[in-house]
Amino acid sequence: MNRINNGKYKTKNQFGNYTDFVNDYINQLYDRSLELYLKRYTRNNSTGTQRIDIEKIEESLGYIGDYLFYFYQFNNGEFLSIFKNLIDDLKIVTVFPPEKRGLYGQYSSSEKVLYINPQLRSSQRLSSDERTRLYICHELGHIQNSKWMKKLIPILNGIDCSNEDRELMYDGFSLVDEATTQDRAENITYYFSSKLRPGMSLCSTKLFSRKPFETNFDYYGEFQLPTIDFARTLRGIGKIDDRNLVMNEFDKRALNEEFSKRIFDEYINDNQIKNLFYLVKRLGVIKNASYAAFGYGNVECLRKSSEALKEYNQVVGKMRDYREPIVARSCNK
C-alpha cells in the first residue's frame, strides 16, 4: 500500500479522471477499517497478532486498488459499475478472529465487511501474500456478481416448481458465481505477480467419489470444468475451444448485472428452458457437496455429487451451441 508523507493513501496506478476518487475511497476504507479493528480486537479480545493484522489490512487496501485498476485496464466499460458497487457495498476490511483462520476469506453483505485471513499459508504456486490477494479478489468478485444473483430470485420465484428445486437452481447459479469470481481472481493474482498462470492438472477432493478432475484453480477446482461446459451452451461462447478463453468470455459476461436474466432469455428463446432447469439443479448438488466437504451443509450431497456430475455431463455436451450471439434488432420508425 503506497502512503505519502501526510499518512494518506496514494495509488500507484492511474485511473484518469477517477484517480482522486479511488484514493479518497481507499482512504475512507482504511480509516473505518482501522477504527473497527482497534475497537474489536483490543484488551481481553486481542488476536495476539496485532502487528501482522494491521499490516495485512493495509496491504489489502493496496490489493483493492489493484483490483480496480485491472478492470480499468481490461474491462473499462464495466469499471464504473465495479467501482460504484465497491463504494456502496464495501465499507470495512478486517481480519478473522484466530479461531476462524482456517477460512480463506469472507464477505458479509449485511455488514458490508470483507474478512481476510492474515495468516494464509503459501501454496506450491503462490506465496502467502499472493494467496491473500487471490482471496480478497475472490470476495470482491462476489460483490459484483451479487447484482445478478439478486435478480435471479424473482426469476426463480416465477417458476412453477417445488421449493427444493428452486433452492437447488439457486445453488447451481451460486456455483457459477463461485467459479467466475475464482477465475477472475486467479487471472488478477497472476497478472500482478508477473507469473504465468499454470495449465490444468489433475486434482481430487471428497467430491465425485474422489475421482480426479482437471483444474488450475487454487480452490473450488471441482467447479471449473462444469462451468466451462455450461458456458459453452451459450451462443458466442460455444464456438470457443480453448478452455481459458471460454472462462475469460464467461467471466466478462458475469460482470453485467443482467447476466442471469440473459441466460434465461437465451434458453427460453431456444425452447430449452427445461434443460436449463435440469443442468442448474445438478450444479446445485455439486455446489452443496463442495460446501459439505468443507464442513458446511448436508454431507449426503457428497454421495450424490458423482451421480449429479454424470447426469450433468450426459446433457451439457449436447447443449453446446456453436452459433453467434443473438443481436438485438433496432426498429426504424
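## Aromatic cluster and pairs

One aromatic cluster is formed by Phe15, Tyr18, Tyr25, Phe69, Tyr72, Phe79 and Phe83. The model is predicted: local features need pLDDT of at least 70, side-chain atom pairs count only at pLDDT 80 or more, and totals for chains, interfaces and linings use all residues. Residues are numbered from 1 along each chain as its sequence is written, and side-chain values use heavy atoms, with hydrogens and water left out.

The structure holds 26 aromatic pairs. Rings of Phe, Tyr and Trp (its six-membered ring) pair if their centres lie within 6.5 Å; planes under 30 degrees apart count as stacked, over 60 as edge-to-face and the rest as tilted.

## Tyr67 and Phe71

Tyr67 and Phe71 pair edge-to-face, at 5.0 Å centre to centre with 75° between the planes. They lie 4 residues apart in helix H2 (residues 50–74), so about one helical turn separates them. Helices (H or I, at least four residues) are DSSP runs, numbered from the N terminus.

Tyr67 is buried, at 2% relative accessible area. Phe71 is buried too, at 2%. Buried means under 20% relative accessible area, exposed over 50%, partly exposed in between (1.4 Å probe, protein chains only).

## Phe74 and Tyr191

Phe74 and Tyr191 have ring centres 5.3 Å apart and planes at 85°, so this pair is edge-to-face. Phe74 belongs to helix H2 and Tyr191 to helix H5 (residues 163–192), so the pair ties together parts 117 residues apart in sequence. Phe74 is partly exposed at 43%. Tyr191 is partly exposed at 36%.

## Charges over rings

The charged end of Arg282 sits over the Tyr278 ring, 3.6 Å from its centre. Lys287 lies over the face of Tyr291, 4.3 Å from the ring centre. The criterion: NZ of Lys or CZ of Arg within 6 Å of the ring centre and within 35 degrees of the ring normal.

Terms used. Helices (H or I, at least four residues) and strands (E, at least two) are DSSP runs, numbered from the N terminus.
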